[in-house]
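Subject: Two-chain model for you to look at

Hello,

Here is the structure I said I would pass on. My notes on it follow below.

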Amino acid sequence: MAPLYALGCEGSANKLGIGVISHDPETNKTKILSNIRHTFVSPPGTGFLPKDTAAHHRAHFVSVAREALKVAGLASPKDLSCICYTRGPGMGAPLTSVAVAARTLSLLWGLDLVGVNHCVGHIEMGRVITGADNPVVLYVSGGNTQVIAYAEQRYRIFGETLDIAVGNCIDRFARTLAIPNDPFPGYNVEQLAKKAFFEPDGTTKREPVLLDLPYAVKGMDCSFSGILGAADLLAAQMRKQDALLASGATLKEGEERITPEDLCFTLQETVFAMLVEITERAMAHVGSKQVLVVGGVGCNERLQEMMGLMARDRGGSVYATDERFCIDNGIMIGLAGLLAWETGFRTPFEDSTCTQRFRTDEVHIKWRTD
Amino acid sequence: MAAAMETDQFPCVLTVQVPFPTARLASVALQSLQVDKELSPLVRRTFSTSPPARDANTTADQDKTLHVEYRATTNRMLRVAVNSFMESLNLVIEVMEHLDADVLAAEAHST
């Protein structure tokens with residue numbers, strides 16, 4: 001049997017991603033033919049709003065889709081088996097804008113539509129790229145924070161955030177510091193955190209300062225909003241120090257000078273330690289030695305390092321991907337959609353809507369039989 | 001009676017007629033756009049590719065036209081709903097123009 005092809009369209013947040021992927025049901029081999037992405041980057045100090053993000057996706061859909069087809073080099077769109085689009089979870093307006101275009105393509109090309117759960121897309125992509133067959137999954141992004149393990153054709157949520165996502169916490173702190181959102185705020189926070197190991201000259205080594213932040217693990221769940229609030233207070237104190245020093249005065253006796261570098265370092269160490277703790281507990285519970293980190297925050301090297309130390313102590317290892325697959329993309333939607341399509345799953349055209357809330361464990365993972 | 005209530009509660013009306021080159025494209029637009037429900041209960045809409053029944057002069061050409069009627073409680077709601085429709089319609093037409101199978105085939109042939 002020849003390999004099957006799918007077009008995947010993703011637009012649940014500020015990334016518009018379209019790509020072509022192939023999967024051979026007999027050999028289980030996957031091949032990426034194209035993976036095109038266009039990101040809506042908002043100015044420093046601001047986030048991306050649903051209306052502007054949807055307008056971005058509408059404006060770039062045609063050019064990104066054409067590029068994805070061109071790079072894939074398919075003779076005709078008729079060679080595809082299905083059009084896969086993100087059904088949810090995500091922001092309503094951006095999701096809908098991509099769904100409208102995916103529907104139009106499905107009718108123009110006479111192909112089936114498959115609505116895909118965004119989280120399941122991340123997990124399947126991570127499994128294919130890293131080769132981790134049955135890992136505990138830590139899914140961390142700007143919109144989601146979940147510890148997941150597979151059992152009996154469901155990805156079951158062991159622990160999750162009780163309020164905002166860890167990526168949202170980091171992104172919003174980047175906004176507090178008004179650092180650029182390009183290529184993405186978490187990347188710039190990570191670079192600042194690395195600088196906390198050096199004096200301002202950039203070469204002399206120093207010990208970074210771990211400031212005081214709350215640590216909020218509650219059973220298998222985490223909370224990040226209070227940590228963001230506390231980090232914002234420290235940032236406000238830092239700005240007061242800036243003003244004081246600029247006026248020629250000196251800090252109070254024993255008051256520590258706060259820097260953006262130490263703040264970023266502290267925030268990362270605190271929230272990543274929380275994630276490592278709940279992931280380790282899930283691994284112990286299910287008896288797994290593999291941990292797969294997916295989602296945009298998953299490309300943070302410090303998180304991968306901390307997760308790796310924990311996994312090694314347990315005699316296992318961490319599986320992670322780089323930004324091509326970690327950050328939202330079209331092929332992960334194409335892959336998860338194609339796997340479902342092969343089992344006979346179709347999204348009826350009149351039901352091809354989007355939903356902002358769509359939990360990972362709602363999806364029947366019919367393609368896994370282990 | 002029901003029609004009268006409709007007019008009472010949704011007095012602000014806008015009808016749009018969008019001509020397409022073929023009946024197929026008009027039908028694709030209709031189907032792609034009508035899946036998403038109107039989010040506001042203050043707005044009602046109808047889409048069709050056949051002309052309203054009261055129109056006597058029916059020709060085959062009418063199938064090539066997308067007939068859209070928006071009704072809303074206030075002009076503000078009407079404007080918001082119609083703007084959103086126009087944005088989606090624009091995307092659908094752009095996709096048809098650049099990604100339809102014959103367009104892609106013609107480009108592949110010429111290069």
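In chain B, residues 24 or more positions apart account for 67% of the contacts with a separation of 6 or more. Two residues are in contact if their C-beta atoms, placed from the backbone, lie within 7 Å. This is a predicted model, in which local features need pLDDT of at least 70 and side-chain atom pairs count only at pLDDT 80 or more, while totals for chains, interfaces and linings use all residues. Residues are numbered from 1 along each chain as its sequence is written, and chains are lettered from A and ligands numbered from 1 in the order in which they are written.

Chain B has four helices and three strands, in the order α-β-α-β-β-α-α along the sequence. Helices (H or I, at least four residues) and strands (E, at least two) are DSSP runs, numbered from the N terminus. Of its 111 residues, 20% count as buried. A residue is buried if 20 or more other C-beta atoms lie within 10 Å of its own, exposed if 12 or fewer, and partly exposed in between, with C-beta atoms placed from the backbone.

Where the chains meet, 18 residues of chain B are in contact with 22 residues of chain A. On the chain B side, the elements that give two or more residues are helix H2 (23-34), helix H3 (75-99) and helix H4 (101-110). H3(B) gives the most, with nine residues. By class, this side of chain B has 10 nonpolar, four polar and four charged residues. Here Ala, Val, Leu, Ile, Met, Phe, Trp, Tyr, Cys and Pro count as nonpolar, Asp, Glu, Lys and Arg as charged, and the others, Gly among them, as polar.

Now chain A. It has 10 helices and 12 strands. Its radius of gyration is 22 Å, close to the 21 Å that the globule rule gives for 370 residues, so chain A is as compact as a globular protein of that length. The radius is taken over C-alpha atoms, and the rule is 2.2 Å times the number of residues to the power 0.38. Of the 370 residues of chain A, 51% count as buried. Among its contacts between residues at least 6 apart in sequence, 76% join residues at least 24 apart.

Helix H4 (residues 166-176) of chain A is mostly covered, with eight of its 11 residues buried. Among them are A:Val166, A:Cys169 and A:Phe173. The buried residues of H4(A) pack against S6, S7, H5, helix H6 (225-246) and H7 of chain A. Just after H4(A), A:Ala178 takes a positive phi of about 55 degrees.

A:Ser141 lies in the loop between strand S6 (136-140) and strand S7 (145-151) of chain A. Is A:Ser141 buried or exposed? With 26 C-beta neighbours inside 10 Å, A:Ser141 counts as buried. Leaving aside neighbours within four places in sequence, A:Ser141 is in contact with A:Ala165, A:Gly167, A:Gly295, A:Gly296 and A:Val297. A:Ser141 and A:Ile327 are 186 residues apart in sequence, yet 8.3 Å apart in space, C-alpha to C-alpha.

Regards
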